[in-house]
Amino acid sequence: LGYAGVDDGLNLTILYNSAGKRIAQVGTLGRPDIFEQKFHQLDFVARYNNNGFTYRFSVKNLLNDEVKFTQGDEITRLFEVGREVSLGLQYQWD
């Protein structure tokens, strides 16, 4: 979902990503496969262009959903990736 301001130089974007359950590692010696469970990610990006300057602000992984790996009924790994915030400034001269 995005907004692109033609007259004001402002661009806003919200990105959503979801990955379903998937095999992370094939089971061996009769053990079940290890699955990475479904997770959700939401990112936000804002850019503003003015007089050759581009200002950028972004936040990645706003939901900070848990990443979970299971083998049968057992949880083998569980962690949070964390959020990432960034600021940027760019100047372009002609």
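**Figure 1. Pairing of strands β4 and β7 in the predicted model.** In this predicted model, strand β4 (residues 34–36) and strand β7 (residues 66–71) run antiparallel and are joined by three bridges. Phenylalanine 35 has threonine 70 of β7 as its bridge partner. Lysine 21 lies over the face of phenylalanine 35, and the distance to the ring centre is 4.6 Å.

**Figure 2. The open sheet of four strands.** The order of the strands is β3-β4-β7-β8, and the pairing is antiparallel. Strands β3 (22–25) and β8 (74–80) stand at the edges; each has a single partner strand, so one side of each is left without a neighbour in the sheet. From one strand to the next, the twist averages 30°.

**Figure 3. Charged side chains over phenylalanine rings.** Two such arrangements are shown here, one at phenylalanine 35 and one at phenylalanine 69. Lysine 21 is placed over the face of phenylalanine 35, 4.6 Å from the ring centre. For arginine 77, which lies over the face of phenylalanine 69, the distance from the ring centre is 4.2 Å.

**Figure 4. The open sheet of five strands.** Strands β1, β2, β5, β6 and β9 form this sheet in the order β1-β2-β5-β6-β9, with antiparallel pairing. The edges are taken by β1 (2–4) and β9; each has a single partner strand, so one side of each lacks a neighbour in the sheet. On average, and with direction ignored, neighbouring strands of this sheet are turned by 15° against each other.

**Figure 5. Pairing of strands β2 and β5.** Ten bridges pair strand β2 (residues 10–19) with strand β5 (residues 39–50) in the antiparallel sense. Leucine 12 has alanine 46 as its bridge partner in β5.

Figure 6. The model has six aromatic pairs. Phenylalanine 53 and tyrosine 91 form a tilted pair, with 4.7 Å centre to centre and 50° between the planes. This pair links distant parts of the chain: phenylalanine 53 belongs to strand β6 (residues 53–60) and tyrosine 91 to strand β9 (residues 84–91), 38 residues apart. Tyr48, Phe53, Tyr55, Tyr91 and Trp93 are linked into a cluster by ring pairs.

Figure 7. Phenylalanine 53 has a relative accessibility of 31% and counts as partly exposed. Tyrosine 91 is also partly exposed, with a relative accessible area of 42%.

**Figure 8. The chain as a whole.** The chain has nine strands and zero helices, and its elements run β-β-β-β-β-β-β-β-β from the N terminus on. Its C-alpha atoms fill a box of roughly 65 × 20 × 20 Å along the principal axes. The radius of gyration is 20 Å, whereas a compact globule of 94 residues would have a value near 12 Å. Buried residues make up 21% of the 94 residues. Among contacts in the chain with a separation of 6 or more, 44% are between residues 24 or more positions apart.

Note on methods:
Residues are numbered from 1 along each chain as its sequence is written. This is a predicted model: local features need pLDDT of at least 70, side-chain atom pairs count only at pLDDT 80 or more; totals for chains, interfaces and linings use all residues. Side-chain values use heavy atoms; hydrogens and water are left out. Two strands pair if DSSP finds at least two bridges between them. Helices (H or I, at least four residues) and strands (E, at least two) are DSSP runs, numbered from the N terminus. Axes are lines fitted to C-alpha atoms, for helices over the stretch in contact, and angles run from 0 to 180 degrees between N-to-C directions. Rings of Phe, Tyr and Trp (its six-membered ring) pair if their centres lie within 6.5 Å; planes under 30 degrees apart count as stacked, over 60 as edge-to-face and the rest as tilted. Buried means under 20% relative accessible area, exposed over 50%, partly exposed in between (1.4 Å probe, protein chains only). A charge sits over a ring if NZ of Lys or CZ of Arg is within 6 Å of the ring centre and within 35 degrees of the ring normal. The radius of gyration is taken over C-alpha atoms; the globule rule is 2.2 Å times the number of residues to the power 0.38. Contact means heavy atoms within 4.5 Å.
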